[in-house]
Amino acid sequence: MSKNYAALAGDVVLALGGAGNIVAATHCMTRLRFVLQDPTLADSAALKNIKGVMGVVRSDNQCQVIIGNTVSQAYREVVRLLPENLQPAEPQGKPPLTLRRIGAGILDALIGTMSPLIPAIIGGSMVKLLAMVLEMSGVLPKGSPTLTILTTIGDGAFFFLPLMVAASAAIKFKTNMSLAIAIAGVLVHPSFIELMAKAAQGEHVEFALIPVTAVKYTYTVIPALVMTWCLSYIERWVDRITPAVTKNFLKPMLIVLIAAPLAILLIGPVGIWIGSAISALVYTIHGYLGWLSVAIMGALWPLLVMTGMHRVFTPTIIQTIAETGREGMVMPSEIGANLSLGGSSLAVAWKTKNPELRQTALAAAASAILAGISEPALYGVAVRLKRPLIASLISGFVCGAVAGIAGLASHSMAAPGLFTSVQFFDPANPMSIVWVFGVMALAVVLSFVLTLLLGFEDIPVEQDAADARRAQGVTTPANY
């Protein structure tokens with residue numbers, strides 16, 4: 001059944017307090033993401049009752065509206081309702097600084113920066129996997145120009161990741177994008193890479209009598225992210241101290257002269273240490289717990305997705321794959337987590353007497369099983385009916401344990417699903433193919449059976465229709 005995305009967008013904007021209350025809007029693969037001027041004006045209950053909305057996640061002045069795989073169509077209609085240049089009024093006073101707000105701010109910065117980059121990262125990953133499969137199958141010989149170019153195409157998003165992070169973070173932190181990209185470009189400049197290689201071999205490298213730490217910045221996230229955050233403050237400070245008559249040349253020169261050395265001497269090394277520390281912590285736990293850590297992650301993954309915490313692992317996965325060529329904890333756990341949600345949705349579609357719920361569940365199951373996009377199943381079915389979520393968590397734990405025992409690891413970071421299963425194939429271990437499909441089949445079957453055994457409270461057809469009518473009656477705006 002097709003959706004009226006114009007009506008959906010209008011309902012969402014109205015429930016958020018109107019276009020004037022929206023400071024910023026973007027979207028990821030399944031969610032509309034909003035920053036609100038006054039979060040108290042947003043009506044979560046009204047949002048959840050809108051036909052086509054699968055769920056709502058709130059955090060401070062952030063509001064995420066889960067739409068599903070067709071979120072881009074809804075986003076296009078939302079943009080039509082918003083002014084071209086949003087100029088929000090300055091909030092009155094600053095809220096008190098607490099550990100909770102600091103943690104939320106860090107998480108928001110990471111998610112807000114990385115979410116727009118996910119399509120490019122997934123695209124590059126899949127092209128690299130294609131090159132690997134073509135080489136494994138003998139279609140392209142090792143070292144052939146076509147294979148080299150294909151690998152380079154896939155690797156571009158990773159090699160120049162600091163530039164992409166800087167551009168995305170510049171939007172997030174409202175600073176000059178071209179300056180952010182220019183400064184991040186220094187970190188991946190061939191001459192600088194060569195200099196860092198010499199420093200890594202023991203050669204003394206210094207800038208203005210200050211020693212430079214040997215760091216490799218390609219494939220990294222944290223240094224460019226922190227650098228761009230600092231740039232947002234440096235830009236404002238330089239703007240205040242430079243005379244108006246010199247701003248067109250003196251201001252950008254001072255910003256670059258301050259920010260670039262700061263990035264090279266301090267921010268970059270600290271960012272690398274932070275990223276390495278996070279990766280070391282995650283994989284130290286994996287080293288101690290082994291398969292149990294994959295099982296625990298498989299059970300927790302849907303809950304992490306609900307809170308947005310799953311994006312915290314993105315830099316760790318990227319860095320680990322870049323350094324070792326494989327990631328063996330987070331990505332394998334997602335196999336069971338994603339396909340278990342799909343299996344639970346299939347069980348709901350099998351058992352429900354509600355035609356609309358059956359249609360939603362079938363679409364959600366296809367998305368989770370085939371493409372690894374689990375949010376439609378999570379919000380449209382599991383969370384909505386409760387017990388299918390419990391079944392999915394149990395199945396995710398069991399399948400995570402099997403994946404961990406089998407030693408499965410991903411060579412990419414595309415969402416695990418049937419179409420992206422190739423990322424878990426290990427050329428050195430042909431049995432990895434059998435294990436991957438075995439875990440996928442187990443996830444679907446086990447979650448399907450558990451959902452039928454646990455049962456769920458079906459949504460009556462009358463109630464579903466009443467909810468739809470109520471949602472339509474609440475929101476039928478003529479103009480925005």
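**Figure 1. Strand S2 is mostly covered, with six of its six residues buried.** Buried here means under 20% relative accessible area, with exposed over 50% and partly exposed in between (1.4 Å probe, protein chains only). Both faces of S2 are covered: Arg31, Arg33 and Val35 sit on one side, while Leu32, Phe34 and Leu36 take the other. This is a predicted model, where local features need pLDDT of at least 70, side-chain atom pairs count only at pLDDT 80 or more, and totals for chains, interfaces and linings use all residues. Residues are numbered from 1 along each chain as its sequence is written, and side-chain values use heavy atoms, leaving out hydrogens and water.

**Figure 2. The sheet around S2 is open and has four strands in the order S1-S2-S4-S3.** The pairing is antiparallel. At the edges are strand S1 (22-27) and strand S3 (55-59), each of which pairs on one side only. On average, neighbouring strands in this sheet are turned by 15 degrees against each other, direction ignored. For that angle, axes are lines fitted to C-alpha atoms (for helices over the stretch in contact), and angles run from 0 to 180 degrees between N-to-C directions. Strands (E, at least two residues) and helices (H or I, at least four) are DSSP runs, numbered from the N terminus; two strands pair if DSSP finds at least two bridges between them.

**Figure 3. Here are the partners of S2 on either side.** S1 and S2 (residues 31-36) pair in the antiparallel sense over five bridges, and a hairpin of three residues joins S1 to S2. Zooming in on the bridges, His27 has Leu32 of S2 as its partner, and Ala24 has Val35 of S2. Five bridges also join S2 to strand S4 (residues 62-66), and these two run antiparallel. Arg33 stands opposite Gln64 in S4.

**Figure 4. Helix H17 covers residues 387-406 and has the length you'd expect.** At 1.5 Å a residue, its 20 residues should span 28 Å, and the end C-alpha atoms are 29 Å apart, which agrees. The expected span is 1.5 Å times one less than the number of residues. The buried residues of H17 are Pro388, Leu389, Ala391, Ser392, Ser395, Gly396, Cys399, Gly400, Ala401, Ala403 and Ala406. As a reminder, an α-helix has 3.6 residues a turn, so residues three or four places apart point the same way. Just after H17, Gly407 takes a positive phi of about 75 degrees.

**Figure 5. Thr420 lies in the loop between H17 and helix H18 (431-454).** Its relative accessibility is 10%, so Thr420 counts as buried. Leaving aside residues up to four places away in sequence, Thr420 touches Met126, Ala414 and Ala415; a contact means heavy atoms within 4.5 Å.

**Figure 6. Leu209 and Lys386 each show a positive phi without being glycine.** For Leu209, phi is about 70 degrees, and the residue is found in the loop between strand S5 (206-207) and strand S6 (210-211). Leu209 counts as exposed because its relative accessibility is 72%. Phi of Lys386 is near 70 degrees, and Lys386 belongs to the loop between helix H16 (375-385) and H17. With 56% relative accessibility, Lys386 counts as exposed too.
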